[in-house]
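Please open the structure in your viewer and keep the selection panel at hand.

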Amino acid sequence: MRQIPVRIPASVPKGTLRVLISDADTLERMRRLSPAVSQSLDLNSTIDLLNKEHRNDNLYVALLEANPQATVQDKVMPAMPLSIMNVMDGMRSTQEMTVYGESAIHESSIPVGYAFHGSQVLTLTIK
């Protein structure tokens, strides 16, 4: 049995909040870049991206809110306002920007000592 303390930020708006308990691969799929973008990165950006990858021997807990998140080249921009996304909309056609339906507002992890695979999502209602 493992315990991971998770603090819900006071800035989280009322409504639905999802808690994702998962392996590293599930989190990587959430923020993975499209192949065209990852091929156009320079060496320093590629190294930076590889250093940000999650370890496969950790258990992760991520708080997800329903605000869109964008990835521009190798930079993650959580809770991006729709007005900003509309201004940057031209980047989508060149695949320099990838938009996801949820933002990871908090993430924590603990080492478990072995690789594993799987995930579970809990839905919380913030009142």
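Begin by selecting glutamate 65 together with its surroundings. Leaving aside residues up to four places away in sequence, glutamate 65 touches Pro13, Leu17, Ala79, Gly101, Glu102, Ser103 and Ile105. Please bear in mind throughout that this is a predicted model.

Which side chain of opposite charge is nearest to glutamate 65? Select arginine 18: this is the nearest such side chain, and it is 11 Å away. Glutamate 65 has no salt bridge, yet it is buried. A salt bridge would require a side-chain nitrogen of Lys or Arg within 4 Å of a carboxyl oxygen of Asp or Glu.

Next, select the strand to which this residue belongs. Glutamate 65 is found in strand S2, which covers residues 58-65.

Now move to asparagine 58, which is also found in strand S2. Is asparagine 58 buried or exposed? Its relative accessible area is 9%, so asparagine 58 is buried, given that the term applies under 20%. Highlight its contacts as well: with residues up to four places away in sequence not counted, asparagine 58 touches Ser22, Asp23, Ser109, Ile110, Pro111, Val112 and Phe116.

To see one place where the two strands face each other, select isoleucine 21, which stands opposite valine 61 in S2.

Extend the view to the whole sheet. Four strands form an open sheet, and their order is S6-S2-S1-S7, with antiparallel pairing. Which strands lie at the edges? They are strand S6 (103-111) and strand S7 (119-126), each of which pairs on one side only. On average, neighbouring strands of this sheet are turned by 20° against each other, direction ignored.

Finally, display the entire protein. It contains five helices and seven strands. Followed along the sequence, these elements give the pattern β-α-α-α-β-β-β-α-α-β-β-β. Of the 127 residues in the protein, 34% are buried. Among contacts between residues at least 6 apart in sequence, 82% join residues at least 24 apart.

If your viewer can draw a surface, display it as the last step. The accessible surface of the protein comes to about 8,100 Å², and carbon and sulfur atoms account for 54% of this surface.

Notes
Residues numbered from 1 in each chain as written. Predicted model: local features only at pLDDT ≥ 70, side-chain atom pairs only at ≥ 80, totals over all residues. Heavy atoms only, no water. Buried < 20%, exposed > 50% of the residue type's maximum accessible area, 1.4 Å probe, protein only. Contact = heavy atoms within 4.5 Å. Areas by Shrake-Rupley, 256 points an atom, 1.4 Å probe, with all protein chains shown as cover. Lys, Arg positive; Asp, Glu negative; His and termini not counted. Pairing = 2+ DSSP bridges. Axes fitted to C-alpha atoms, helices over the stretch in contact; angles between N-to-C directions.
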